[in-house]
Amino acid sequence: MSCFRADLNFCPECGNILPLPDFHNSIICPRCSFSIPVKDILGHVIKSSVVFNPLDQSSSTVESEEDAELKGPIIDRKCSRCNKEGMVYHTRQMRSADEGQTVFFTCVHCRYQEKEDS
Ligand SMILES: [Zn+2]
Ligand SMILES: [Zn+2]
């Protein structure tokens, strides 16, 4: 079973490329109709991710947001922590409409983050 995940992309019966699981209960090979129950696959994936990191969902979301903040346009704003110019400009709409839009600046040198309410 060690190579089970690698085999997921291909039909174990005929080697045909399998479609991704959708809202169906199983992945069905379009060539030979071999089917794999999705719950078997999901159980396997969940088990391995829990071993890797129990706080999988919340922590991975934070990480991807930090990456996105470093990909925005860089402006000549001076970081108040390291005093170097060059901060990524990044806006985020707050959940409440009353609060409006908040502008975030992330230092590209030390990743210090500042925010300004507009
Ligand atoms: Zn097949
Ligand atoms: Zn800085």
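Reader: Where does Cys 14 lie?

Author: Helices (H or I, at least four residues) and strands (E, at least two) are DSSP runs, numbered from the N terminus. Cys 14 is found in the loop between α1 (4-7) and β1 (26-28). Please note that this is a predicted model, in which local features need pLDDT of at least 70 and side-chain atom pairs count only at pLDDT 80 or more, while totals for chains, interfaces and linings use all residues. Residues are numbered from 1 along each chain as its sequence is written, and chains are lettered from A and ligands numbered from 1 in the order in which they are written.

Reader: Is Cys 14 buried or exposed?

Author: A residue is buried if 20 or more other C-beta atoms lie within 10 Å of its own, exposed if 12 or fewer, and partly exposed in between, with C-beta atoms placed from the backbone. Cys 14 has 11 other C-beta atoms within 10 Å, so it is exposed.

Reader: Which residues does Cys 14 touch, not counting residues up to four places away in sequence?

Author: Two residues are in contact if their C-beta atoms, placed from the backbone, lie within 7 Å. On that basis Cys 14 touches Cys 29, Arg 31 and Cys 32. Cys 32 is in the loop between β1 and β2 (35-37), and is exposed because 12 other C-beta atoms lie within 10 Å. Apart from neighbours within four places in sequence, Cys 32 is in contact with Cys 11, Glu 13, Cys 14 and Asn 16.

Reader: Which residues does the UniProt annotation "binding site" cover here?

Author: UniProt positions are given in the numbering used here, feature names are shortened, and annotations may be inferred rather than shown by experiment. According to the unreviewed UniProt entry, "binding site" covers Cys 11, Cys 14, Cys 29 and Cys 32. These residues span 22 residues in sequence, yet no two of their C-alpha atoms are more than 8.7 Å apart, so they gather at one spot.

The unreviewed entry also places "binding site" at Cys 79, Cys 82, Cys 107 and Cys 110. Those four are spread over 32 residues of sequence but cluster in space, the largest C-alpha distance being 8.7 Å.

Reader: Is Cys 107 buried or exposed?

Author: Cys 107 belongs to strand β5 and is buried, because 22 other C-beta atoms lie within 10 Å. Cys 82, in the loop between β3 and β4, counts as partly exposed because it has 13 C-beta neighbours inside 10 Å. Beyond residues up to four places away in sequence, Cys 82 touches Cys 107, His 109, Cys 110 and Tyr 112.

Reader: How many bridges join β4 to strand β5?

Author: Two strands pair if DSSP finds at least two bridges between them. Seven bridges join β4 to β5 (residues 101-107), and these strands run antiparallel. Strand β3 (residues 74-78) and strand β4 (residues 85-93) also pair in the antiparallel sense, over three bridges. Met 87 in β4 stands opposite Ile 75, and its bridge partner in β5 is Cys 107.

Reader: In which element is confidence lowest, and in which is it highest?

Author: The term pLDDT denotes the predictor's confidence in each residue, from 0 to 100. Confidence is lowest in α1, at a mean of 48, and highest in β3, at 94. Over residues 1-7 the pLDDT is below 50. For the protein chain the mean pLDDT is 74, and 61% of its residues reach 70 or more.
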